[in-house]
Amino acid sequence: MARLSRSAVDGLGTLVRLGLAAVFLVSGALKAVDPAQTRIAVRAYELLPPDLVGPVATALPLVELVLGTLLLVGAITRWVALASGVLLVVLMTAVAQAWARGLSIDCGCFGGGGAVAKGDTRYPQELARDVGTLLLALWLVVRPRTVLSVDRWLRADPGTADPGAADPPDAPWRTAGNPVK
Amino acid sequence: MSKKGRVVGGGEKAEDKRKRQGAQAVTAARGGGRGNRGMIAGVAIVVVLAVVIGVGLWLQNRNKPGALPVAIPVAAAGVQYPVAAQGDAIVTGSPQAPTTIDVYEDFMCPVCGQFEKLYHQRLTQAAADGKAKVVYHPVAILDELSVPPGYSTLAAGATYCATAADIFPRFHDSLFAAQPPEGGHGWTIAQLQQLGRSLGAGDAFTGCVQAGAKQRVTTATANAGQYIRGLRPDHRFGTPSVVVNGAIIDISDEGWLDQALSANRR
């Protein structure tokens with residue numbers, strides 16, 4: 001019974017992981033295909049010195065694509081989820097400060113971005129969406145176990161060190177195993 | 001890689017661990033290679049990430065040369081107002097207008113682009129109505145921001161040519177409406193020439209843009225800088241700078257234009 005429900009939760013976690021992967025892959029790709037727009041979007045936050053706008057606009061889509069890819073394959077899931085959460089908090093902070101300062105910008109979260117007319121800002125919706133995404137990331141930080149993942153494949157590695165175990169108790173098994181080979 | 005793998009499994013229950021360790025011991029005893037999967041996964045992930053980053057960079061750079069359209073989009077014609085060259089400035093509106101608004105702009109400056117978006121229509125209307133003499137001072141302080149560097153100077157110089165060719169308003173408007181992004185490619189000489197031709201300028205304009213006006217722009221920028229520094233309490237020169245009837249204006253106060261235009265009614 002407990003086993004069954006746990007695998008069900010694993011399945012749910014897998015959906016969470018793939019959902020978060022999709023968010024980052026889509027947002028990263030949309031930013032990467034339109035670098036000029038991304039630069040405008042980054043600049044519109046009026047947070048960075050001009051010299052940093054370009055590098056950040058270049059790096060952000062790449063970071064998103066990398067996180068999305070690692071989530072897609074389920075590698076080092078907990079740490080990638082943690083990094084995703086940190087990134088999301090940073091982005092939400094940027095949006096919130098723009099809102100607080102009364103800037104009229106589109107967040108450029110999924111491409112687009114830059115200045116918009118006073119009445120056309122969508123800060124509450126943008127932040128709500130980010131909160132939802134953050135919850136996905138938090139799930140995976142708390143419970144990174146999913147199926148169809150590199151992590152699981154590694155855990156099932158017949159000869160590898162136990163991923164969760166401290167080294168010392170593990171060592172005898174390994175030394176015992178190796179000479180045979 | 002095995003280090004990363006170890007970290008991931010941290011959330012597991014001790015009971016499962018023991019079971020798995022047992023299983024591992026069996027397979028290990030049978031001669032299963034230790035950490036093979038970790039190695040494979042590590043290499044595979046590095047390769048995949050390299051490909052992802054490569055594709056991402058390619059996507060970003062793919063459009064660089066053509067990030068701007070081939071031709072500069074021509075801005076729509078606005079209201080009509082008189083235009084005259086005066087030294088290194090372009091005077092629009094009636095010289096007898098009660099208010100003089102001096103605008104110092106760099107064609108590469110994003111804030112100038114925003115300034116134009118916000119106030120262009122009302123400035124030209126004021127010039128057309130004879131309410132204000134709006135004097136444009138093209139300067140070049142952001143040559144470093146374009147690829148290749150020097151677009152600010154090139155555009156400012158071309159503005160002189162456009163004024164001589166009697167196409168200043170739409171030439172100026174087009175360049176701000178289609179302002180190159182910071183750190184992006186500036187419009188080229190050929191594109192500026194093409195814009196002029198689209199607006200009806202002839203060979204004199206084309207030759208003028210080709211020749212450039214580096215010295216003139218440099219001098220004009222230096223003079224403008226000296227003038228503005230003298231007006232500002234902090235002695236700094238940036239663009240856009242706006243001077244109304246000889247006094248520097250804080251354009252972050254959005255009512256500045258209303259005040260400038262209403263002052264002369266009193």
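Me: What pattern does chain A follow, read along the sequence?

Reply: This is a predicted model. In it, chain A runs α-α-α-α-β-β-α-α-α along the sequence. That corresponds to 7 helices and 2 strands.

Me: Why is A75(A) called buried?

Reply: A residue is buried if 20 or more other C-beta atoms lie within 10 Å of its own. A75(A) has 25 C-beta neighbours inside 10 Å, so A75(A) counts as buried. A75(A) sits in the loop between α3 and α4 of chain A.

Me: What is A75(A) in contact with, leaving aside its neighbours within four places in sequence?

Reply: In chain A the partners are L70(A), V150(A) and D151(A), and in chain B they are A41(B) and I45(B). D151(A) is 76 residues from A75(A) in sequence, yet their C-alpha atoms are 5.3 Å apart in space.

Me: How much of chain A counts as buried?

Reply: Of its 181 residues, 43% do. As for contacts in chain A with a separation of 6 or more, 71% of them join residues 24 or more positions apart.

Me: What describes the packing of α3(A) and α4(A)?

Reply: Two packed helices are described by the angle between their axes and the distance between the axes. For helix α3 (residues 50-73) and helix α4 (residues 77-100) of chain A, the angle is about 145° and the axes are 10 Å apart. The crossing of α3(A) past α4(A) is left-handed.

Me: Which residues of α3(A) and α4(A) meet?

Reply: From α3(A) there are V63(A), L67(A), L70(A) and L71(A), and they meet V80(A), A83(A), S84(A) and L87(A) of α4(A). By class, this contact has 7 nonpolar residues, 1 polar residue and no charged ones.

Me: Which residues touch the most other members of the largest nonpolar core?

Reply: That core has 57 residues, and I101(B), V134(B), C161(B) and A162(B) touch the most other members. Helix α5 (residues 151-164) of chain B gives the most to this core, with 8 residues. Apart from it lies another core of 35 residues, including L71(A), V73(A), V95(A) and A137(A).

Me: What makes V134(B) a contact partner of I101(B)?

Reply: Two residues are in contact if their C-beta atoms lie within 7 Å. I101(B) is among the contacts of V134(B) that remain once neighbours within four places in sequence are left aside.

Me: Is L261(B) buried or exposed, and how do you know?

Reply: L261(B) has 21 other C-beta atoms within 10 Å. The cut-off for buried is 20 or more, so L261(B) is buried. L261(B) belongs to helix α10 (residues 256-263) of chain B. Beyond four places in sequence, L261(B) is in contact with T99(B), A126(B), K131(B) and A132(B). T100(B) is 161 residues away along the chain, with 9.4 Å between the two C-alpha atoms.

Me: What confidence does the predictor give chain B?

Reply: The mean pLDDT of chain B is 84, and 83% of its residues reach 70 or more. Over residues 1-11 of chain B the pLDDT is below 50, though this stretch has 32 contacts in the model beyond near neighbours in sequence. Residues 28-34 of chain B also have a pLDDT below 50, with 21 such contacts.

Me: What ipTM and pTM does the predictor give the complex?

Reply: The ipTM is 0.76 and the pTM is 0.51.

Methods
Residues numbered from 1 in each chain as written. Chains lettered and ligands numbered in written order. Predicted model: local features only at pLDDT ≥ 70, side-chain atom pairs only at ≥ 80, totals over all residues. Core = buried A, V, L, I, M, F, W, Y, C linked by C-beta atoms within 7 Å. Buried ≥ 20, exposed ≤ 12 C-beta atoms within 10 Å, placed from the backbone. Helix = DSSP H or I, 4+ residues; strand = E, 2+ residues; numbered from the N terminus. Axes fitted to C-alpha atoms, helices over the stretch in contact; angles between N-to-C directions. Left-handed = near helix turned anticlockwise from the far one by under 90°. Nonpolar A, V, L, I, M, F, W, Y, C, P; charged D, E, K, R; others polar. pLDDT = per-residue confidence, 0-100.
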